[in-house]
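Could you have a look at this one with me? I jotted down a few points while going through the model.

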Amino acid sequence: MVLLSIQTLPSSYPTLNNYTFNYRSQRQSQSQNQNQNQNQNQRRCVKIRSNVIRCGIAEPSGEPAPLGQKTKYNDGLFEKAFMTLFARKMENFAAKSASKNGSQKEEKKKGWFEYDYDSFVDVSRKVMQGRSRLQQQQVVREVLMSMLPPGAPAQFRKLFPPTKWAAEFNAAITVPFFFWLVGPSEVVEVEIDGVKQKSGVHIKKCRYLENSGCVGMCVNMCKIPTQDFFTNEFGLPLTMNPNFEDMSCEMVYGQVPPPFEEDPVAKQPCLADICTIANPSSSFCPKLQA
């Protein structure tokens, strides 16, 4: 009787098969909606993480902007914390320099995470003013030393003696930890004393040089102090070779840097097209004078 009743129902009447089909359709629709919501949440989380936790290039290509154009970055809390830390340390020396020159002005100190990369570079430029090449390098050394706990250089020497492994390890950690300062980079193979090793770091387009546009700031506030700090304080030789034509740079861990007088950067002229304090009439950047 039951079977007969089902068979004789009108074709438009919702049969068991209709109920099953409708139920499955509703379940599939709910599942699709849940997946869409999950995907949206995941995309939202990725966006939040990229904007807050990690720094990334904001260019559509994901690569540094072509030469002549300024690369856009999305700086997160991690990056801004480092910018603030370095800027605040250097502001003390900038204030001393302004006081000596009689041009000190009352400026309200910025709060944490209020510094951006432009303000970080601006503080570097103020430190450079009124100081010789050697004095600028000494300021950077003091800033770096002030950020380390007591005995850190000695501990570094024990953990990372000047070996191939230590050079390669420091090259590997440079890529993620120095992204905020120099932009994207990659580990490359280099040859040191006839031995090939992956202790080189190729910086695609240095963010510091790109934003400062100054040869003197690149050499005195970054290249030479960083080389000296690793080589003399940490005991791990480091040579940095900036390319002022395309703004790239190569860091070579394990390679002893040459004396400044023998370094090609000693005769580098100003980047007259982009440097705000350039001296086009000089054969080399005046800020490179001792």
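Here are my notes on one helix and the sheet beside it.

1. Ground rules. This is a predicted model, where local features need pLDDT of at least 70, side-chain atom pairs count only at pLDDT 80 or more, and totals for chains, interfaces and linings use all residues. Numbering starts from 1 along each chain as its sequence is written, and side-chain values use heavy atoms, with hydrogens and water left out.

2. The kinked helix. H10 (residues 215-233) has a kink of about 30°, centred on Pro225; the bend is the angle between axes fitted to the seven residues ending at a residue and the seven starting there. Helices here are DSSP runs of H or I with at least four residues, strands are E runs of at least two, and both are numbered from the N terminus. Of the 19 residues in H10, 17 are buried, meaning under 20% relative accessible area (1.4 Å probe, protein chains only). After H10 comes Gly235, with a positive phi near 75°.

3. The sheet. It is open and antiparallel, with four strands ordered S3-S4-S6-S5; two strands pair if DSSP finds at least two bridges between them. S3 (185-192) and S5 (238-243) are the edge strands, each pairing on one side only.

4. S5 and S6 (residues 248-253) run antiparallel over six bridges. Within this pairing, Asn241 has Glu250 in S6 as its bridge partner.

5. Helix on sheet. H10 packs on the sheet and touches S5 and S6, contact being heavy atoms within 4.5 Å. The direction of H10 makes about 160° with that of S5; axes are lines fitted to C-alpha atoms, for helices over the stretch in contact, and angles run from 0 to 180 degrees between N-to-C directions.

Methods:
Buried < 20%, exposed > 50% of the residue type's maximum accessible area, 1.4 Å probe, protein only.
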